[in-house]
Amino acid sequence: MLNLKSPMVVVSNRLPFVLKRNENGELQRKQSAGGLVTAVAPVVIQCGGLWVGWPGIHMDDPHQSVPESDPGDMGPSAGLKSEQVVPVHVEEQLFDDYYNGCCNATFWPLFHSMPDRAVFVADMWEVRMEFGLVRSAACLILSAFDCSMLGLGLAIVNMSLPRGQSYSTVNVMFAYQTVDALKKMKMKNQEGEERIPLVWIHDYHLMLAANYIRQECEEQNLQCKLGFFLHIPFPPWDIFRLFPWDNEVLQGILGNDLVGFHIEDYCRNFLDCCQRRLGCRVDRVHNLVDVAGRTVKVRALPIGIPYKRFEEMANAAPRALQSSQQIVLGVDRLDYTKGLVNRIRSFERFLEKHPEYLGKVALLQVAVPSRTDVKEYQQLKEQMDLEIGRINGRFSTLNWSPIRYIYGCISQDELAAYYRDSSVALVTPLRDGMNLVAKEYVACQVDKPGVLILSPFAGAGETMHEALLVNPYELDDVADTLHRALTMPIDEREMRMYHLKKREQTMNVDFWLTSFLKVSIKTFPGHNVIGVH
Ligand code: ADQ
């Protein structure tokens, strides 16, 4: 059980829910159910903390407050009171430039070591504008919002902020809102003890926010500690240095006191970059970086899943797959990093090599629509449709098709049943920070266990040693490994799954959160800000 003495302020691109309008036009919360929200929201609620993020909707009146959750809402962030939520309203065009332009068109492919897909446009980044100027502009926008002068706010966005400053401007807006909320927080508890808030910034959307928060807090004589967690890989120096403004990103991340990555490899990459690009003194034994008179702690903190919840869902869910065929399962966001096209081509290769499986095995691919307004993602969808159509056209019979394809979101219960009832999970991203699907599959093996096939290019490949590891670029390797999985004796499956389950059960999402907080305590000695019981 986690019990925080000091408040935690989570800063992430999105709030733990999105706002939607109901048929009467009223705003309502729609819960997000990801692992991060499930683990972190209860802690924020318990310690009277805050969650700063984009509400998922562009509001006509940004002055409007976030509604309380519906009375029947049982989601993990339902207990988060309206005053604990700090929505960051960003004008539509600016948000598009920042999110689709810089975050998804530049950082996402680059950090996944796919530089050919990355767009390096000065207009989308350019951060050389003095912090003071960016801040003044952002503050002007926000104060215009405060006065409900939306028209003026938007005019300022269009006039004084060339599109170039989208990433830094939005980071400043998040920082400004965070500091504004910190100002209103009580810094002492009932016993008169100091409560120094821990600000926990998440992911590649907000890599510059820490220094802005730090500077603003110094100016306003406020205290806080800053932690950061990157959910995607941190690439090697040779890839990272392709980004023309690489030093600014490094300095931005180093604005934090504690920096967390999923695995040691990413920590090493980050330390390399700090040393080679910024010339920082780096302690590779203790994973420390010296910068501007401070020491930043860098840690591998692999994220886990709410294991028990998935296990319970798998135990309770009715049978989902009624067919007598064996199912090979893929579950992903439709993203080019997930290796979906390679995967279905590997399955085609498997059918070519093992025609005895025709009519007996099917690949069930569930793909959640993602970033659907981006051209590259639309092209991937078209490519998937074409390839699946081609393979199904080639092998299908009257009663059987080799690939079943669901393009959409499915409920967690249904997902748990799919995991449980599949013989094999094919988790073969070309590159992935961690990959939670591999872990969820393991948690749901409550019946006769299936086999996990996993790419070593996912962070999960670092620890899930009992999975069958395959190179997703080698179609024959994947096809042969799939054959091995389908013919694996039950005792080997049980033995492998036993160890996989044991590890994920322990290293679940609460363990991840506790580890982060424990490192925070050690990072901020003397402040005694957090108690972990
Ligand atoms: P993602 O890239 O989104 O996360 P992943 O870790 O696989 O990737 O998580 C996907 C989540 O979406 C899973 O919880 C899964 O259950 C859910 N999901 C997938 N398909 C679904 C469907 N059709 N319907 C409903 N739910 C579906 C980023 C990084 C990862 C990192 C996580 C957490 O890219 O590498 O593991 O953050 O840090």
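The structure is a predicted model, in which local features need pLDDT of at least 70 and side-chain atom pairs count only at pLDDT 80 or more, while totals for chains, interfaces and linings use all residues. Residues are numbered from 1 along each chain as its sequence is written. The chain has 18 helices and 19 strands, where helices (H or I, at least four residues) and strands (E, at least two) are DSSP runs numbered from the N terminus. Buried residues make up 47% of the 533 residues; a residue is called buried if 20 or more other C-beta atoms lie within 10 Å of its own, exposed if 12 or fewer do, and partly exposed in between, with C-beta atoms placed from the backbone.

**Contacts and domains**

- Two residues are in contact if their C-beta atoms, placed from the backbone, lie within 7 Å, and among contacts between residues at least 6 apart in sequence, 79% join residues at least 24 apart.
- The chain is divided into domain 1 (7-86), domain 2 (87-304 + 511-532) and domain 3 (307-506), with bounds that come from an automatic or database domain assignment.
- The contact between domain 1 and domain 2 takes 25 residues from domain 1 and 28 residues from domain 2.
- On the side of domain 1 that touches domain 2, strand E2 (8-14), helix H1 (35-46), E5 and E6 each supply at least two residues, and E2 gives the most, with six residues.
- By class, that side of domain 1 has 18 nonpolar, six polar and one charged residues; Ala, Val, Leu, Ile, Met, Phe, Trp, Tyr, Cys and Pro count as nonpolar, Asp, Glu, Lys and Arg as charged, and the others, Gly among them, as polar.

**Around the ligand**

- The ligand is surrounded by 19 residues, of which the closest are His231, Val368, Gly433, Met434 and Leu436; a residue is near the ligand if its C-beta atom, placed from the backbone, lies within 6 Å of it.
- Strand E13 (326-333), strand E14 (361-368) and H15 are the elements that give two or more residues to this shell.
- The residues of the shell divide into 11 nonpolar, four polar and four charged.
- Because domain 2 and domain 3 both give residues to the shell, the ligand lies between them.

**Two helices**

- Helix H11 (residues 307-316) has Tyr307, Phe310, Glu311, Met313 and Ala314 as its buried residues.
- Seen down the axis of H11, these buried residues fall within an arc of 160°, so they line one face of the helix; the arc is that of the directions from the helix axis to the C-beta atoms.
- On the other side of H11, Lys308, Asn315 and Ala316 are exposed, while what covers the buried residues includes helix H14 (412-421), helix H15 (436-443) and helix H17 (490-506).
- Of the 18 residues of helix H6 (residues 166-183), 16 are buried, so H6 is largely enclosed by the rest of the structure.
- At 1.5 Å a residue, H6 should span 26 Å, which agrees with its end C-alpha atoms being 26 Å apart; the expected span is 1.5 Å times one less than the number of residues.

**Two residues in the loop between E5 and E6**

- Leu80 lies in the loop between strand E5 (50-54) and strand E6 (85-87), and Leu80 counts as buried because it has 25 C-beta neighbours inside 10 Å.
- Not counting residues up to four places away in sequence, Leu80 touches Pro16, Ala41, Val44, Ile45, Trp51 and Val85.
- Ser82 has its place in the loop between E5 and E6, but Ser82 is exposed, with 12 other C-beta atoms within 10 Å.
- Leaving aside neighbours within four places in sequence, Ser82 is in contact with Ser65, Val66, Pro67 and Glu68.

**Residues with positive phi**

- Asp203, in the loop between strand E7 (198-202) and helix H7 (209-219), has a phi near 75°, a positive value in a residue other than glycine.
- With 19 other C-beta atoms within 10 Å, Asp203 is partly exposed.
- Asn221, found in the loop between H7 and strand E8 (225-229), has a positive phi near 60° and is a residue other than glycine.
- Asn221 is exposed, since 6 other C-beta atoms lie within 10 Å.
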